[in-house]
Amino acid sequence: MRNLEAIRTISLFGLSDVKLFFSWDSDYYWDRTDVLNRLSLITLPLPAGISPGLNPDNPIGEVYRYWVQSPDHNVMEEKEVEDWILEKQFKTVPGVEDVAGFGGLTKEYHVDVDADKLTHYQMSLPTLTSAIANANINVGGNYLEVGEQTLDVRGIGFIHSLDDIGNITLSTSNATPVRVRELADVSIGYAPRLGIVGMNDRDEVVQGIVLMRKYGDTLKTLDGVEAKAEQLNTSGMLPKGYKVVPYYDRRSLVYTTLHTVFENLSLGMLLVFLVLMFFLGNLRTAIIAAINIPLAMFGAFILLYLTGTPANLLSLGAVDFGIIIDSTIIVIENIYRHLSSADNPRESTLGCIKRASSEVGGPMFYSTLIFIVAFLPLFTMKGVEGVIFSPMSHTYSFALISAILLAVTLTPVLTSLLLHKGMKETHNFVWEAFHRFYHNLFVRVLRHPKVALAIIVLVMVAGLSQFDRLGGEFLPKLEEGNIWARATLPLTTSLSNADEVAGGVRRIFQSFPEVTTVVSQTGRPDDGSDTTGFFNIEFSVDLNPQDQWPRGLTKDRLVSQIADQLNARFPGVNFGFSQNIEDNVEEALSGVKGVNAIKVYGPDLSVDEGIANQIKEVVSGVPGMADMAVYRAMGQPNLMITPDRAACSRYGLNVGDVNGVVQAAIGGQAITQVLQGERAFNLMVRWQPKYRESLNAIRQIRIAQPSGGYVQLDQVADIKTVEGASFIYREALQRYVPMRFSVRGRDMQSTVEDAKRAVAKQIKLPEGVRLDWMGEYNELQQANRRLAIVIPLALLFIMGILYAATLSVVNTLILMAQVPLACLGGVLALVVTGTPFSVSAAVGFISIFAIAIMDGILLNFYIHQLWQQGHTVIDSIVMGADRRFRALMMTALVDGLGLLPAALSTRIGAQTQRPLAIVVIGGAISIALLTRVFHPTLVYLFHKQLGLSDEGDRLVAPPFDAE
């Protein structure tokens with residue numbers, strides 16, 4: 001298939017699940033259509049009544065969960081309401097793709113046959129099933145003209161009640177009809193249970209899960225779902241006393257995260273404004289600069305809308321207003337400096353503004369272009385990180401384009417209206433003292449430039465060498481305010497035993513005051529939307545807001561406390577912990593229920609499982625490895641009934657005759673459906689329990705012979721218990737056995753690399769067996785490989801732009817030398833805060849690349865401008881550094897302070913932004929403190945080596961110029 005990248009399958013008793021993974025740039029709806037078209041081409045001999053269907057698969061589509069409340073708590077009636085009213089109604093809401101019901105009893109009509117009576121009446125099971133099917137039919141007889149009217153002719157024969165089933169005639173004996181009720185019990189029952197849902201103190205509830213369509217709008221969809229729930233609860237559409245009660249709503253996470261984002265943005269804007277006031281000391285000037293922030297974002301939103309680019313929480317929360325208005329700051333600071341100076345007293349205000357704007361127009365244009373080019377790596381990201389960061393790169397680019405247009409159009413206009421020539425500059429003694437200190441330090445550094453440069457280089461090398469200590473993780477965890485826990489029991493666990501464990505685990509969760517609601521899901525839903533068994537129990541745990549927790553209690557500590565109690569109470573049960581959305585995404589990434597997975601590929605499942613268990617033992621000693629569990633492939637007891645073809649032929653039977661009785665008599669067979677209005681319920685025929693509940697009873701099942709008489713099942717079939725496969729996992733058409741694991745208390749990359757070394761050292765893989773490490777670790781490696789190619793290419797593009805701007809290889813190299821110095825601050829910031837390197841941090845480094853070069857190009861242009869005006873090289877360097885010091889310090893500080901709230905925030909929604917913010921702040925600090933000295937020193941040394949300096953070895957620096 002076009003753009004198909006991977007196929008993963010899971011097969012278990014009664015269900016086969018096939019997942020198709022397409023490239024991220026493939027059209028989702030085209031792929032779905034192509035898959036639907038190809039389903040009709042399947043030619044495998046599927047069992048009767050079985051046809052493949054397409055499930056919705058949106059890992060982040062679960063936006064609403066509810067449970068069905070009723071006055072008498074009849075789980076069969078609640079399930080009927082869920083299946084035939086609630087699911088249908090919620091599917092009418094725009095944006096909803098599907099609704100999955102879970103829990104309760106699925107209503108069926110049962111015909112439990114008495115095998116002895118069937119023998120007494122000399123009747124076979126196929127005869128009984130065929131008679132029931134034929135007794136449940138409607139027909140059409142065309143139409144009949146009666147006078148001037150036409151009557152439709154209909155034959156009505158549908159079954160409507162238990163009496164209708166019991167009165168079905170099977171045969172006659174001595175003119176006496178033999179009915180179903182003579183040889184079977186007719187009753188209303190329920191389908192074999194595949195799962196149970198419990199909630200808090202309720203042992204069982206019926207729940208529904210609303211799935212949003214891919215690319216849907218969460219808030220709009222939730223508005224429709226909540227309106228529909230209110231309508232169902234108040235309009236009388238539900239039986240009396242029934243209600244839809246929500247217990248999970250994505251809206252709270254969205255609103256909480258948005259609140260965090262906008263709070264950080266507001267504080268960032270305030271800090272930027274205060275920086276402008278501190279440096280410029282003029283309220284009108286600060287307002288002119290600050291007004292471009294909302295206007296630039298407004299322009300970005302317009303372009304996002306016109307290009308159809310979605311905005312996510314990261315693309316908003318990671319926006320640095322300081323970076324956006326750097327161009328405005330450069331323009332307004334230069335205009336303000338010229339208007340407040342005494343140069344050219346006869347020059348008009350408009351002339352002065354025009355001259356000041358054109359003076360910085362060139363470097364501002366090139367610096368903004370470099371910023372956009374620096375973000376090219378973000379446009380190339382694919383997979384999960386591409387979905388997350390691509391909107392951010394678009395948002396930044398659009399905001400920068402809007403900001404530079406505003407800086408060259410609106411800013412000069414506003415300054416002409418609010419500022420005037422000859423205005424007095426407000427003196428800030430703190431700033432002047434700092435500026436004078438820098439000037440004196442810089443002059444001293446230029447007297448010994450090689451020593452200063454050597455010290456800076458040593459500091460830079462020592463700092464950058466700490467990068468290896470960072471470790472790595474794929475993406476920071478977005479705190480969702482909940483816990484998604486998973487308990488893995490022994491493979492052969494029964495449903496009743498698993499349900500008891502689920503109840504005990506719920507009680508332990510409830511014992512913690514931080515927990516509000518606990519919902520357990522044992523097994524799987526009836527619709528096959530989850531591929532698991534009774535051994536798997538999942539818990540959705542809602543938590544109180546963290547500001548209501550005891551002081552010092554973090555979520556990691558809470559999870560550890562809960563895990564300690566669970567492990568002590570349920571030895572032998574493996575527990576894993578994640579979050580609601582995170583768990584779905586991780587499962588989609590790895591194909592296994594868990595954060596990360598090790599997949600053992602090989603042709604023999606028994607060998608693969610043994611190796612997986614060895615790996616578990618080895619990696620259990622690696623610090624950071626947690627929640628390890630092997631998903632067993634073998635070990636499922638099976639009762640194997642194998643027809644003896646020779647024996648069957650002696651009695652005139654075929655293999656299909658024997659297996660048909662096995663299926664219908666033991667497992668039950670859906671013969672037809674009973675219609676009740678718009679609802680349809682299966683009518684099942686099978687042996688009464690006493691004929692199928694033991695191995696001995698199954699051996700004595702009688703099969704009717706074509707020639708008359710009966711033969712016992714054990715006479716025509718070999719019946720024995722054997723151990724077989726319970727789950728068969730495949731990827732790339734190869735079988736594998738998975739082992740899940742999580743990482744806690746340590747960064748993921750270091751932990752997994754230590755585990756890989758331990759496995760390679762202690763385990764020798766047989767021929768034909770290989771390992772894959774999947775999940776977040778694999779995604780991180782792919783993202784790092786991609787960035788390792790794209791970032792150098794982006795730097796080459798930047799070098800090309802710099803050369804086009806300066807027409808000098810020397811100046812290009814000087815400007816590029818700012819990059820590692822800026823990275824120094826980012827690396828040290830991550831080390832100090834204990835933050836691992838991640839894709840989010842990589843985006844921060846991309847940002848400070850551009851910030852460093854932008855500052856450098858502004859200073860470099862001005863130094864050469866002074867030099868071209870006739871000043872000496874030393875005068876140009878010192879005067880340029882002095883006169884551009886304020887603008888450069890302002891841009892560096894606003895770049896860092898704009899993201900300070902995001903770096904310090906611990907609220908829900910801030911986690912994905914924090915590494916990016918930490919890197920940008922650290923880089924801005926190193927740019928502000930070190931590049932102010934590093935860049936002019938490089939300019940001086942390079943030009944001195946080239947013989948362009950006219951002062952010889954003796955430096956005569958001009959006096960302090962704060963103009």
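User: Buried means under 20% relative accessible area, exposed over 50%, and partly exposed in between, with a 1.4 Å probe and protein chains only. Where does that put Tyr729, buried or exposed?

Analyst: Tyr729 counts as buried, because its relative accessibility is 6%.

User: Before going on, what kind of model is this?

Analyst: It is a predicted model: local features need pLDDT of at least 70, side-chain atom pairs count only at pLDDT 80 or more, and totals for chains, interfaces and linings use all residues. Residues are numbered from 1 along each chain as its sequence is written, and side-chain values use heavy atoms, with hydrogens and water left out.

User: OK, aromatics. How many pairs?

Analyst: There are 17 aromatic pairs. A pair is two rings of Phe, Tyr or Trp (its six-membered ring) with centres within 6.5 Å; planes under 30 degrees apart are stacked, over 60 edge-to-face, the rest tilted.

User: Why is Tyr601 with Tyr736 called tilted?

Analyst: Their ring planes stand at 45°, so the pair is tilted; the centres are 5.2 Å apart. The pair links distant parts of the chain, 135 residues apart. Tyr601 is in strand β19 (residues 596-601) and Tyr736 in strand β28 (residues 734-743). Strands are DSSP runs of E, at least two residues; helices are runs of H or I, at least four; both are numbered from the N terminus.

User: And how accessible are Tyr601 and Tyr736?

Analyst: Both are buried: Tyr601 at 2% relative accessible area, Tyr736 at 1%. Tyr736 also pairs with Tyr729, with centres 5.5 Å apart and planes at 40°, so that pair is tilted.

User: Which residues form the aromatic cluster?

Analyst: Phe535, Tyr601, Phe727, Tyr729 and Tyr736 form one cluster.

User: What lies over the face of Tyr601?

Analyst: Arg770 does, at 4.0 Å from the ring centre. The test for a charge over a ring is NZ of Lys or CZ of Arg within 6 Å of the ring centre and within 35 degrees of the ring normal. Arg770 also meets Asp772 in a salt bridge, 3.2 Å from N to O. A salt bridge needs a side-chain nitrogen of Lys or Arg within 4 Å of a carboxyl oxygen of Asp or Glu. Arg770 is partly exposed at 32%, and Asp772 is partly exposed at 24%.

User: How many salt bridges does the structure hold?

Analyst: It holds 24. Arg8, Lys599 and Glu731 are linked in a network of them.

User: What about Arg251 and Glu226?

Analyst: Their side chains meet in a salt bridge at 2.9 Å, N to O. This pair links distant parts of the chain, 25 residues apart: Arg251 is in helix α8 (residues 250-280), Glu226 in helix α7 (residues 218-234). Arg251 is buried at 11%, while Glu226 is partly exposed at 27%.

User: Asp34 and Arg38: how are they placed in helix α1?

Analyst: They are four residues apart in helix α1 (residues 28-39), so about one helical turn separates them. Asp34 is buried at 17%; Arg38 is partly exposed at 41%.

User: New topic. Glu80, buried or exposed?

Analyst: Buried, because its relative accessible area is 13%. Glu80 lies in helix α2 (residues 75-90).

User: What is Glu80 in contact with?

Analyst: Leaving aside neighbours within four places in sequence, Glu80 contacts Ile85, Lys107, Gln676, Arg679 and Phe681. Contact means heavy atoms within 4.5 Å.
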